[in-house]
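Work through the exercises below with the structure in view. Each task is followed by its solution.

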Amino acid sequence: YQRRVHGEESTRDKLVWLLMLPQAIPIFLTVPHCGREKFKNWYFVTFAMSVIWIGVLSYIMVWMAQVIGFTLKIPAPVMGVTILAAGTSVPDLLESLAVARRGLGDMAVSSSIGSNIFDLLVGLPIPWILYNIFKSKPVSIGSDALIINVLTLFIMVGLTITIIIVEGWALTRRLAYAMIILYLIFVAESLILEFKPFE
């Protein structure tokens, strides 16, 4: 925004702006900007419309991931632990980056843990409840590797806590590298379990 005001936009900035324009226009027209004087008391409408747009864009992202996975013959669980996981975690990444720059490491970690717990205990059950209400049948899970993935999740959490303790409860560069390596191991394991290359 500052570069746009001062006329310092690069070609990349202009290209990104052009690509985002179809999405930005409907959001601009439907989400009141609380920073403006005439909309300063519209914060609830802004919040509600933001949640609605997140839902709409999330639906589109999942639909596109399904189409891409079907076209490239990539199993749905693989798309879930890679593309969708990365896409839905971008807001958490940006939020953690913002608070970490202010030296609020505890807030960054707490936000990351809290958002994932919310996803598990609220984000999953509510769609399941709605599906059961309208379809009158339970949601089936088609991944044979789910149990192993859940066990791996517990192991990863344990290893992460152990590494944090070893690092003296400080978010160091070595800790960041270790966590990225753990994630890559998890993704590799998920791909092996789904594609079964050794069978």
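This is a predicted model: local features need pLDDT of at least 70, side-chain atom pairs count only at pLDDT 80 or more; totals for chains, interfaces and linings use all residues.

Residues are numbered from 1 along each chain as its sequence is written, and side-chain values use heavy atoms, with hydrogens and water left out.

**Exercise 1.** Find what span helix α2 should have, and where α2 bends.

Solution. Helices are DSSP runs (H or I, at least four residues), numbered from the N terminus. The expected span is 1.5 Å times one less than the number of residues. Helix α2, residues 11–30, has 20 residues and should therefore span 28 Å. The C-alpha atoms at its ends lie 29 Å apart, which agrees. The bend at a residue is the angle between axes fitted to the seven residues ending there and the seven starting there. In α2 the bend is about 55 degrees, at Leu21. A proline, Pro22, follows within four residues.

**Exercise 2.** Describe how α2 packs with helix α3.

Solution. Two packed helices are described by the angle between their axes and the distance between the axes. Axes are lines fitted to C-alpha atoms over the stretch in contact, and angles run from 0 to 180 degrees between N-to-C directions. For α2 and α3 (residues 43–72) the angle is about 155 degrees and the axes are 10 Å apart. So α2 is roughly antiparallel to α3 (the term applies to angles over 145 degrees). Contact means heavy atoms within 4.5 Å. On the α2 side are Gln23, Pro26, Ile27 and Thr30, which meet Met49, Trp53 and Leu57 in α3. By class, this contact has 5 nonpolar, 2 polar and no charged residues (Ala, Val, Leu, Ile, Met, Phe, Trp, Tyr, Cys and Pro count as nonpolar, Asp, Glu, Lys and Arg as charged, and the others, Gly among them, as polar).

**Exercise 3.** Which residues of α4 and α5 meet, and how do their classes divide?

Solution. Helix α4 covers residues 76–101 and helix α5 residues 105–123. Their axes are 8 Å apart, at an angle of about 160 degrees. The two helices are therefore roughly antiparallel to each other. Asp92, Glu95, Ser96 and Val99 in α4 meet Met107, Ala108, Ser111 and Ser115 in α5. These residues divide into 3 nonpolar, 3 polar and 2 charged.

Note on methods
Angles under 35 degrees count as roughly parallel, over 145 as roughly antiparallel, 65 to 115 as roughly perpendicular and the rest as oblique.
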